[in-house]
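Take this chain one site at a time, with the coordinates open beside the text.

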Amino acid sequence: MHKSLTMAAASAAMLLTGCEKAEAPAPAETTTTETVPVETVAAAEADATAPHRFASWTGKWTGVEGMYATITPAGPGQYKLEMQSDLDTRGTYDGTDSEHGIQFTRGGEDLTLRRASGDETGLKYLAGKTECLIVKPGEGYCRD
């Protein structure tokens, strides 16, 4: 019986020794992964590389009889438009990038300043010019 107890004690000692030497597994690092839709990534990359879709339009554009439009970039995709659009209407408007041009609101009307030819403006003084912008027929601005 003494031999059984000795073996049992030795086995218990080996088990305890084995437990002491065994290292606890390292805590697993937790990583969170956020899934971002491709459209969001593409839009963010486009904003980073071209914050103003119509940046080449920056500056002053001349119309007829003292009319003009001056385009100044503001925040990403935003512009300040200073315009003398007819003899009685002069103002500054907030514009934003849109599919076809710079969208803005004037006198409660939603308008878009877009690329056109001088002929498309319908204004004789601008006829034949190629680098122009138009708001609506009869209201256009060109660069020489």
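Ser 117 sits in the loop between β6 (109–116) and α3 (118–121). The coordinates here come from a predicted model. Is Ser 117 buried, partly exposed or exposed? Its relative accessibility is 21%. Buried means under 20% and exposed over 50%, so Ser 117 counts as partly exposed.

Now look at what Ser 117 meets across the sequence. Leaving aside residues up to four places away, Ser 117 touches Lys 129, Thr 130 and Cys 132. Take Thr 130 from that set. Ser 117 and Thr 130 lie 13 residues apart in sequence, yet their C-alpha atoms are 4.8 Å apart in space.

Which residues surround Arg 106? With residues up to four places away in sequence set aside, Arg 106 touches Met 83, Ser 85, Thr 89, Tyr 93, Leu 111, Val 135, Lys 136 and Glu 139. The side chains of Arg 106 and Ser 85 make a polar contact at 3.4 Å.

Rolling a probe the size of a water molecule over the atoms shows where empty space is left. The largest pocket holds about 180 Å³ of space. Its lining has 14 residues, and the closest to the pocket centre are Met 67, Ser 85, Asp 86, Gly 138 and Glu 139. Two elements, β3 (78–86) and β8 (139–142), each give two or more residues to this lining. The largest share comes from β8, with three residues. What is the lining made of, by class? Four residues are nonpolar, five are polar and five are charged. Two names from the Arg 106 site return here. Ser 85 and Glu 139 are among the residues closest to the pocket centre, and both are touched by Arg 106.

Strand β1 (residues 59–62) pairs with strand β2 (residues 68–73). The pairing is antiparallel and runs over four bridges. Within it, Trp 61 stands opposite Ala 69 of β2. Five residues separate the two strands of the hairpin. Which residue of this hairpin takes a positive phi? It is Glu 65, with a phi near 50°.

Terms used. Residues are numbered from 1 along each chain as its sequence is written. This is a predicted model: local features need pLDDT of at least 70, side-chain atom pairs count only at pLDDT 80 or more; totals for chains, interfaces and linings use all residues. Side-chain values use heavy atoms; hydrogens and water are left out. Two strands pair if DSSP finds at least two bridges between them. On a 1 Å grid over the protein atoms alone, a cavity is a set of points where a 1.4 Å probe fits but cannot get out, and a pocket is an open set with protein on both sides within 12 Å along at least five of seven lines; lining residues have an atom within 4 Å of a point. Grid points are joined across faces, edges and corners, and a volume is the space filled by probe spheres set on the points. Ala, Val, Leu, Ile, Met, Phe, Trp, Tyr, Cys and Pro count as nonpolar, Asp, Glu, Lys and Arg as charged, and the others, Gly among them, as polar. A polar contact is a pair of N or O atoms within 3.5 Å; within protein, one must be able to donate a hydrogen and the other to accept it, and residues adjacent in sequence count only if both atoms are side-chain atoms. Contact means heavy atoms within 4.5 Å. Buried means under 20% relative accessible area, exposed over 50%, partly exposed in between (1.4 Å probe, protein chains only).
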